[in-house]
Amino acid sequence: MKIQSVMVVDDSEGDQMLTKIIIEDFDSAITVLQAYDGREALDMLLTASSVKPDIIFLDVNMPGMGGHEFLEEYNKLEDTSIVVLMLTSSDQEIDKQKSLQYSFVKRYIQKPVVLDILQELSST
Amino acid sequence: MWKFDSDKITSERSIVSSIVVFVLISVSLFLLLSLFLLLPRIDKIFDSLQTQSEQETVKIYSAQLRQYINARELAIHDMANNQFVTNAVLLADGDNPAFRDYIAAAYLLGENPLLTVLDVQGEVLFSELDGVIKYQWAMPLLELSEDDFIDKSNTKKSHRLNIVNNPNNTNGWFELAVPVFYGRGVEGVFIARFDASPDTIYQANVEINSESAVSYEKDGHIVSSGYREMILPSKQSLSINDYGLNFTHIVSRQYAEEQRKKFLEELVFSVLLGAGIIFFLLFLLGRKIILKPYLDLVKTKELLVEREREINDSLSFQSLIFESIPDLAFVKDEEFRIVQANDAFLSAYPESMRDSVVGTTSVEGYSPEEAEAFLEYDKEAFKTGFSETEETILFPDGVQRTLITKKVRFQGSEGKNFILGLARDITDIKTSENNLIQANTELEEFAYRTSHDLRSPLISSLGMLNVIEKDVENDELVRAKKCIGIVRKSLTSLDDLVQDILMLTKMKNVEEKKEFVDVNEVVDSTLEKFSQMDGFDKIRFETIWLYSKPIRVERSRFVMILENLISNAIKYYDPSNDSPQVVIRSKTEKRKIVFSVSDNGLGIPENQHEKLFSMFKRFHPRTSFGSGLGLYMVKKSADVLGGSISYKALEPGSCFVLSLPAEASK
């Protein structure tokens, strides 16, 4: 899979930056889109002019619209072709199950394992 | 319900035994009564009992005696006329029964007849003098031939009186030896005796004509005897008839006496034996058949009394329990009418209604839905024997209570079905349970969020440190510096979180005393404290004190509330607003003291309002600083102060209102 664009949905400024650095270090050609909660991410996806990401890194706990609410809303969209990877510091089994019930959610990753997954995904 | 089957049996047995007792006692009484009635008539009965032959015998003896008596009469007559005629008149052989009776009768009457009976030859046929020392011999009195005796008309006169010399009689008198006769006089049987001296008979001296002594041998004895011729006085008026002789009766009476005595002994013995047997039977039967049912009856009755007492005790105890239990207890009949209700049940009704509750169905006082629900479980209990339900009901007294109600069917003594209902007011328990559930949920949430929110900045910082390390190696110091800033920020927010958690823990555990707090002063120092916050300088602060007196509260909690509300107002100001402002007010309202902090800042999205006071809620992306525990702590503190906190959305902005009870003003 050729990864051209990645969206990072995370309320933590530090995590946003860290993820962005890792992605850019991996491949500086990848465009990194940043959203600070689920609502912002949905708005960006629904804006026709914006770039459509290949991958969404989604945090679970966020103020405003959280990760689970985002998945719920995203699932209602016609196009759910984007691969969603949960990226969270939550190790709760319930969070994992709630996320993986959607077919478009491919991984449930606990921070901070980002590099490995990028390598894995790019090799497929 | 108890049934004494033994009742019927016992009563039947007691009837039978009553009859037996009655019969036995009647027989005994009859026997004893007969005995007493019989005794006075016993003579007549025995007279009639004498056999014909006995009566015949008596008649013959009597006739012989009569004959003898007649002869005596003649003798007395002769004697009275100085004619000594026969006196040994009984021509009886020695075995004459009449004679024996004659003598026996004399003894019977305590007499001592000195009788000698001679035959006509002068031979002694019978003598009472035999063996009696003073009379050694008795001479024949008469010299009569057998013929003379037989033919009384030829009786010869004798001028000689045969007398016996009495050796003890010093005056030389002779006794006239004559036989006796017996008679029955007015006073009873007596004996007339002619064994006295002549003057005993004639009560006078007799004149002696001549005396001669004679001595002769008789049966080996020398008998000296003197003869005297006596001139007897004139005849005494002595008639046999004067004595009312009745020999017949002498004999029969003696016989009857013996028989009666014998019979009486036998009768008394028999009656006593019979009565004894009856009483023995009564004694034997009494214990087993007669008395036992009575004893059983008494025992049963005692048992019944005892049982009745136990039942009464038990009933009053049950009643005590029924009335005393805190549960609402009631009994309903098949028409769902309340037939019994305890005080706890009645107290759910307004006082005016309490007297009329029993007899009505319980559903009149309720809404139709609740009434239907009530009856549903009544019906189930009547059908299956049991029902249990938990329900929240608006009671007739206007109080809403949560009850757990058990209904149990039971049968009354007349076979009718009832249900006993026991309703426990679990409103408090329910509230506690809900509080506990909520607390537990909060605790879980807390643990979950804490683990997440504590780890996040650490993980982030660790990742950042890797980047920084590489950047330093590659000499990309600008990015490294930026990263360090981010790490600092992460760790600072982590520190804030830890501090909030510590505060929350402390808040939950510390009991604080109330003190008077000057609100104005608190607000001033709070504003001073937050003066370095972003945007503080841009915001216009305003205070409106409609209530300005010090309030009596737990200081640190009150301060914490105000600090949180004010710092929130500052944090979430709207940078796009040209004139951001925060207004702090105080006033009294409906016996409450109300403080409010309002702003024209970012406000809170409408869909988040209900989660506002929950833990770890943050509502503003990008501006997300703080632990998410602030408003949760505010809410808890307001609870501790006995007040409440509420949120009002403004256009634009937010308004938080803290209400404290009026007591805080005192």
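In what order do the strands of the open sheet in chain A run? Keep that question in mind as you start. The model on your screen is predicted.

**Stop 1: the sheet in chain A.** Select the five strands of the open sheet. Their order is β2-β1-β3-β4-β5, and the pairing is parallel. Now colour β2 (31–35) and β5 (105–110) of chain A. These are the edge strands, and each pairs on one side only. Look along the sheet: on average, neighbouring strands are turned by 20° against each other, direction ignored.

**Stop 2: one pair of strands.** Zoom in on β3 (residues 55–58) and β4 (residues 83–88) of chain A. Four bridges join them in the parallel sense. Pick I55(A). Its bridge partner in β4(A) is V83(A).

**Stop 3: where the chains touch.** Show both chains. Chain A brings 20 residues to the contact, and chain B brings 22 residues. On the chain B side, select α11 (427–473) and α12 (477–509), the elements that give two or more residues. α11(B) gives the most, with twelve residues. Colour the chain B side by class: ten residues are nonpolar, eight polar and four charged.

**Stop 4: two helices in chain B.** Select α13 (residues 519–529) and α14 (residues 555–571) of chain B. They pack at an angle of about 45°, with axes 10 Å apart. Are they parallel or oblique to each other? α13(B) and α14(B) are therefore oblique. The crossing of α13(B) past α14(B) is right-handed. Show side chains. From α13(B), V522(B), V523(B) and T526(B) meet V559(B), L562(B), E563(B) and I566(B) of α14(B). This contact has five nonpolar residues, one polar and one charged.

Notes: Residues are numbered from 1 along each chain as its sequence is written. Chains are lettered from A and ligands numbered from 1 in the order in which they are written. This is a predicted model: local features need pLDDT of at least 70, side-chain atom pairs count only at pLDDT 80 or more; totals for chains, interfaces and linings use all residues. Two residues are in contact if their C-beta atoms, placed from the backbone, lie within 7 Å. Ala, Val, Leu, Ile, Met, Phe, Trp, Tyr, Cys and Pro count as nonpolar, Asp, Glu, Lys and Arg as charged, and the others, Gly among them, as polar. Two strands pair if DSSP finds at least two bridges between them. Axes are lines fitted to C-alpha atoms, for helices over the stretch in contact, and angles run from 0 to 180 degrees between N-to-C directions. Angles under 35 degrees count as roughly parallel, over 145 as roughly antiparallel, 65 to 115 as roughly perpendicular and the rest as oblique. A crossing is left-handed if the near helix is turned anticlockwise from the far one by less than a right angle, and right-handed if clockwise.
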